[in-house]
Amino acid sequence: MASEASQTMSLKILVEKEKNRIVFVEANKDFVDVLFSFLTIPIGTIFGLTHEHFLEGEIGCLNDLYESLEKLDEDFLSSEQKGILLHPRCASDIYCRHLKVNLVECNKSKYYACYQNYPSSARCSVVSYNQNDSCPCGKALRYEVNLLNPVSHGGSGFIKPAAQFVITDDFQVLPMSTMAGLSLLGNFGAFDWSKTEERMLNVGKDEVLKLLKCSLASMTPFSDSILEPPFSKTKPMINYGQCGRRMMNLSQRDMDTGNKDENINLKLIINRSNNRVLYAEVEENFVYLLRSFLSIPIGYIIKEFPYLSFNGNLGNLRKSVQDLDVNKFFKSKEMKAILLHPKLAPGTSYGKKLIGIEEAVNPSYSTLSSLFKITFTALSSESPLQEVKIGGELVKGPSMFMVTDSLSIAPLSLISCISLIDRLKVPVSDIQELEVNMGEEETLRLLVASLGSRSALTDAFVLKETKQET
């Protein structure tokens with residue numbers, strides 16, 4: 001494991017002293033690689049790293065989902081499955097493994113190979129995340145692939161060496177140039193240079209974690225995470241009760257809800273007087289779907305739903321990737337595509353394809369060897385194969401669950417349901433049951449609502465959207 005000193009990066013920042021806010025940051029490849037890697041991190045990993053630091057409702061209701069899965073009894077979710085679900089694998093981990101600050105601890109990821117006839121047989125160059133897979137030659141994967149130091153011409157990250165950038169407080173990443181700096185200063189109007197101060201800052205893992213959290217909850221993530229006291233203390237803007245324009249680009253998607261076998265049924269228990277969901281009675285397949293949300297890279301959400309209402313700036317970060325010249329700044333077209341179109345890690349997709357995100361393929365031996373020095377360790381023939389699968393069942397038999405409007409999950413209990421109704425002071429005469437058949441469109445509505453609202457079930461299934469002008 002790298003030392004803390006080796007995991008620090010130096011930044012030069014320009015601060016407007018009177019308002020104690022950052023005008024812009026000067027950074028090199030190392031820092032920008034870390035910043036861009038935010039787009040590839042699965043939602044569950046982000047919450048695993050930062051959920052204790054979020055305020056209630058700051059990022060929709062995914063905190064409730066995460067914490068309820070964390071507390072779910074082992075009869076329903078084993079500790080091994082919890083580890084996989086709450087800290088899902090990142091599809092781009094081989095490119096992030098040796099970043100200057102490694103948030104997702106990719107070094108713990110293991111790979112397996114057959115290697116019986118390599119290099120004489122190209123079929124045996126298959127590398128897999130899952131030891132239970134078999135090689136195309138028919139042999140078991142009985143070798144662990146050890147990824148050592150990066151090779152000199154490969155290395156980690158997405159950006160070419162020696163590239164320099166200017167980054168604004170709201171996450172616009174621009175090539176280093178005089179005109180870019182002057183343009184940024186012009187955004188401050190009648191700018192007084194005498195009121196600014198240049199500072200050097202060393203940034204390590206703690207600071208990057210704060211920046212990741214603020215990237216989802218602040219319009220000024222640098223100032224809010226680096227400066228003391230923070231420049232902006234405004235609470236995030238959460239849209240309670242309406243999906244609104246967040247769903248606008250769903251009209252551009254090719255929706256197909258015709259295959260009813262792929263759909264999921266649930267029963268909503270509703271307070272008729274205010275048209276709000278109290279909770280839902282669901283089967284395992286709905287819980288599978290909710291837990292699959294945690295495997296989705298945050299960059300996919302930003303790409304698919306540009307009008308999502310939480311108060312962060314990852315949209316600016318993604319646009320910066322889009323605008324930067326691929327030949328000047330990225331190692332390859334593939335590196336830029338990984339950031340713009342992040343995928344699920346192999347084996348992490350939910351069986352019912354209700355979300356149109358692609359699953360990445362396992363890396364090939366040639367890809368790994370182009371990035372790292374590699375050795376193979378033979379596994380003992382007596383050693384048991386890994387039994388835990390991301391797509392495995394929660395329980396052996398059918399089970400029912402109770403899911404609250406804020407997506408907190410618990411085994412269905414009549415006592416718990418009545419207690420909730422009593423606690424919310426809802427008259428029995430006001431209770432209504434509504435059956436919902438979820439297809440792709442309804443699933444995407446729920447995914448969006450989970451990130452932008454504290455009442456995800458109500459927003460996704462009950463309240464009518466306000467009409468929007470095109």
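Phe76 is buried, with a relative accessible area of 16%, where buried means under 20% relative accessible area, exposed over 50% and partly exposed in between (1.4 Å probe, protein chains only). This is a predicted model, in which local features need pLDDT of at least 70 and side-chain atom pairs count only at pLDDT 80 or more, while totals for chains, interfaces and linings use all residues. Residues are numbered from 1 along each chain as its sequence is written, and side-chain values use heavy atoms, with hydrogens and water left out.

- The whole structure holds seven aromatic pairs; rings of Phe, Tyr and Trp (its six-membered ring) pair if their centres lie within 6.5 Å, and planes under 30 degrees apart count as stacked, over 60 as edge-to-face and the rest as tilted.
- Phe76 and Phe401 form an edge-to-face pair, because their ring centres are 5.5 Å apart and their planes stand at 65°.
- Phe76 lies in the loop between helix 3 and helix 4 and Phe401 in strand 12 (residues 400-404), so the pair ties together parts that are 325 residues apart in sequence; helices (H or I, at least four residues) and strands (E, at least two) are DSSP runs, numbered from the N terminus.
- Phe401 is buried, at 0% relative accessibility.
- Another edge-to-face pair joins Phe171 and Phe222, at 5.4 Å centre to centre and with 70° between the planes.
- Since Phe171 belongs to the loop between strand 6 (164-168) and strand 7 (173-175) and Phe222 to helix 8 (residues 221-226), this pair ties together parts that are 51 residues apart in sequence.

**Nonpolar cores**

- The largest nonpolar core has 116 residues, of which Phe38 and Leu446 touch the most other members; such a core is a set of buried Ala, Val, Leu, Ile, Met, Phe, Trp, Tyr and Cys residues joined through side-chain atoms within 4.5 Å.
- A second, separate core of eight residues includes Tyr279, Leu420, Ile421 and Val426.
- Beyond its neighbours within four places in sequence, Leu446 is in contact (heavy atoms within 4.5 Å) with residues including Phe286, Leu290, Phe293 and Phe461.

**Helix 2**

- Six of the eight residues of helix 2 (residues 43-50) are buried, namely Ile43, Gly44, Thr45, Ile46, Phe47 and Thr50.
- Their cover includes helix 3 (62-71), helix 4 (79-86), helix 7 (205-217), helix 9 (284-293) and helix 10 (298-304).

- Four strands form an open sheet in the order 4-3-5-11, with antiparallel pairing; two strands pair if DSSP finds at least two bridges between them.
- Strand 4 (127-128) and strand 11 (372-378) stand at the edges with a single partner strand each, so one side of each is left without a neighbour in the sheet.
- Strand 3 (residues 111-113) and strand 5 (residues 143-150) run antiparallel and are joined by three bridges, with Glu144 in strand 5 as the bridge partner of Tyr112.

**Positive phi**

- Most residues other than glycine have a negative phi.
- Asn20, not a glycine, has a positive phi of about 50°; this residue lies in the loop between strand 1 (9-16) and strand 2 (21-28) and is buried, with a relative accessible area of 17%.
- Asn275 has a positive phi near 60°; this residue is in the loop between strand 9 (264-271) and strand 10 (276-283) and is partly exposed, with a relative accessible area of 34%.
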